[in-house]
Amino acid sequence: MDRITVETQPIEGQKPGTSGLRKKTSVFMEPRYLENFVQAIFTGIGGVAGKTLVLGGDGRYFNDRAAQVILRMAAAQGASRIIVGQNALMSTPAASNMIRKRQTDGGIIMSASHNPGGPDEDFGVKFNTPNGGPAPEEVTNRIFEATKTLDSYDILVTDDVDLSEVGETQLGDMVVEVVDPVVDYAALMDSLFDFDAIAKLFQSGFRIRYDAMHAVTGPYAKAILEERLGAPAGSVVNAVPSPDFGGGHPDPNPIWAKDLMDLMYSDDAPDFGAASDGDGDRNMIVGRAAYVTPSDSLAVLAANAHLAPGYSGGLKGVARSMPTSGAVDRVAAKRGLDCYETPTGWKFFGNLLDAGRATLCGEESAGTGSDHVREKDGLWAVLLWLNILAETGKSVQQMLDDHWTEFGRNYYSRHDYEGVDAAAAEGLMNALRAQFDTLPGKSFAGRTVASADEFSYDDPVDGSHSAGQGIRISFEGGGRAVFRLSGTGTVGATLRVYLEDVCEDPDQMHKDPQEALADIIAAAEEIAGIKERTGRAEPDVRT
Ligand code: VG1
Ligand code: CO
């Protein structure tokens with residue numbers, strides 16, 4: 001077994017985005033592309049000599065090959081142990097848990113999350129720090145700086161490690177510990193939720209459909225929902241992770257999880273539907289003919305989490321990303337909880353969770369989680385919902401109705417324009433910035449602008465400052481439109497327009513969100529000129 005030093009040169013554009021580095025798989029497979037980025041991670045964290053890391057991925061195309069490269073580089077550079085999921089699979093929340101439980105020096109997750117997979121689709125790599133959370137900007141900046149200066153990397157020349165069997169093997173001086181990726185995670189879930197109550201719910205005839213979307217949560221959901229909690233066999237569908245996610249987008253929203261939506265809105269709908277994304281950190285919740293907007297899900301969970309054993313002592317506080325609706329803020333206000341507003345991306349919640357300032361966090365993009373790990377967690381959200389339903393005996397629709405009656409409703413929708421010309425998207429954002437001073441007081445589609453600005457964040461724990469985190473236009477009476485460019489795409493730009501309006505009239509709680517938001521949508525169009533600037537008549541995705 002030889003250890004060699006390979007000469008290389010910096011490759012442009014290896015800048016981690018909202019959640020790690022994401023590129024077309026073919027780009028990651030170019031000579032030295034993956035190796036350079038992995039080397040930059042190692043350099044960015046001060047080397048891996050003597051360190052223990054977790055390694056896992058969502059099973060997408062190239063996951064298996066990339067794992068072998070990362071193992072060989074870590075072994076060549078003196079890492080003492082890598083804990084890797086069997087067949088290089090591990091969901092993002094399970095990896096976060098593994099990093100924390102085994103107190104490792106961090107971990108590498110191979111995933112492009114909700115982006116499609118395959119030779120012509122996307123791949124990604126991200127580093128999580130020893131708290132189990134996505135690397136904060138200070139660390140990703142160091143990694144990016146390293147990509148610009150590296151000139152070589154060390155790697156072993158050797159056969160592949162067999163990752164198909166649980167157990168320990170040696171790679172050079174490094175131990176490769178292959179673990180069942182489900183066991184520890186399932187134990188953590190058992191410690192948080194009343195599994196007996198959920199099992200009784202299933203025994204009573206309550207039916208569930210969990211769509212794993214051919215992605216990494218299949219084995220987790222099978223083990224927990226079917227084997228442990230007794231949901232009938234077949235409740236979990238699309239449960240075998242596939243390298244191209246069955247040809248679909250593993251993104252749990254009404255568009256990409258359409259089969260599930262169709263079922264839930266049919267006469268044969270089960271009581272509860274859920275889906276999760278490529279790497280298992282997102283969730284979609286849908287009852288019988290009752291889609292739950294992620295922002296509402298966060299608010300309902302915040303109001304009811306105390307019904308689950310893991311949260312019976314109440315919440316320390318809650319946090320949401322800026323574009324997420326203010327529904328959870330209303331819960332926080334009524335219950336006297338601190339409520340934090342952070343930029344988009346889970347890495348910004350880490351400090352609040354570590355400092356014990358927040359227990360529950362969420363994003364409008366179907367991410368919800370708590371201080372049990374340092375990532376959002378799809379199956380966790382499903383189990384918390386099930387625990388709450390078991391405890392209250394209510395249906396999903398009843399939960400929503402009662403919630404809106406008590407707290408009011410924040411109508412919400414996100415419109416995505418994908419693969420937009422990057423210059424056109426930048427132009428749109430710049431034109432909005434140029435109007436910050438002149439918009440307030442003006443009316444559009446009958447709504448008067450109260451304020452217009454760009455969100456920036458000062459972390460209350462470490463004082464770090466993050467600027468340019470999305471443009472906010474607030475209207476009198478509480479509505480708002482937010483504009484952001486995605487940091488997870490791989491082609492052109494994706495413009496996200498987040499639309500929200502508040503409603504406190506009990507007779508107006510059951511409108512279609514697109515109708516309820518009609519004037520906010522029209523005002524956003526008038527102000528930003530989306531159609532003219534992007535050439536798009538309609539958004540690609542409405543969630
Ligand atoms: C998107 C979501 C963001 C989420 C991120 C990673 O980012 O909007 O809320 O944290 O994806 O999620 P962006 O920059 O494209 O808007 V995951 O599950 O794809 O890692
Ligand atoms: Co994800």
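## A walk through the model

Start by selecting residues 295-407: the end C-alpha atoms of this span lie 13 Å apart, and the span is 45% helix and 16% strand. Here, helices (H or I, at least four residues) and strands (E, at least two) are DSSP runs, numbered from the N terminus. Before going on, note that this is a predicted model, where local features need pLDDT of at least 70, side-chain atom pairs count only at pLDDT 80 or more, and totals for chains, interfaces and linings use all residues. Residues are numbered from 1 along each chain as its sequence is written, while chains are lettered from A and ligands numbered from 1 in the order in which they are written.

Next, pick residues 191-286. The chain there is 31% helix and 16% strand, with end C-alpha atoms 25 Å apart.

Now for a sheet. Colour β2, β6, β5, β3, β4, β9 and β8: in that order, these 7 strands form an open sheet with mixed pairing (two strands pair if DSSP finds at least two bridges between them). Strands β2 (21-24) and β8 (167-171) stand at the edges with a single partner each, so one side of each has no neighbour in the sheet. Zoom in on β3 (residues 52-57) and β4 (residues 81-89), which run parallel and are joined by 5 bridges. Find Gly57 and you'll see it stands opposite Leu89 in β4.

Helix α4 lies across β3, β4, β5 (107-110) and β6 (122-128), running at about 170° to β5. Angles run from 0 to 180 degrees between N-to-C directions, and axes are lines fitted to C-alpha atoms, for helices over the stretch in contact.

Time for a pair of helices: select α6 (residues 183-192) and α8 (residues 217-228). Their axes come within 10 Å and cross at roughly 50°. Which residues make the contact? Tyr185, Ala186 and Met189 do so from α6, and Tyr220, Ala223, Ile224 and Arg228 from α8; residues are in contact if their C-beta atoms, placed from the backbone, lie within 7 Å.

Last stop: a second open sheet of 7 strands, ordered β20-β21-β24-β25-β26-β19-β27, with antiparallel pairing. Its edge strands, β20 (443-444) and β27 (541-542), each pair on one side only. Look at β21 (residues 447-454) and β24 (residues 471-475), an antiparallel pair with 5 bridges. Ala452 stands opposite Ile473 in β24. Finally, show helix α17 (residues 518-528), which packs on this sheet and touches β20, β21, β24, β25 (480-485) and β26 (493-503).

Technical notes. Contact = placed C-beta atoms within 7 Å.
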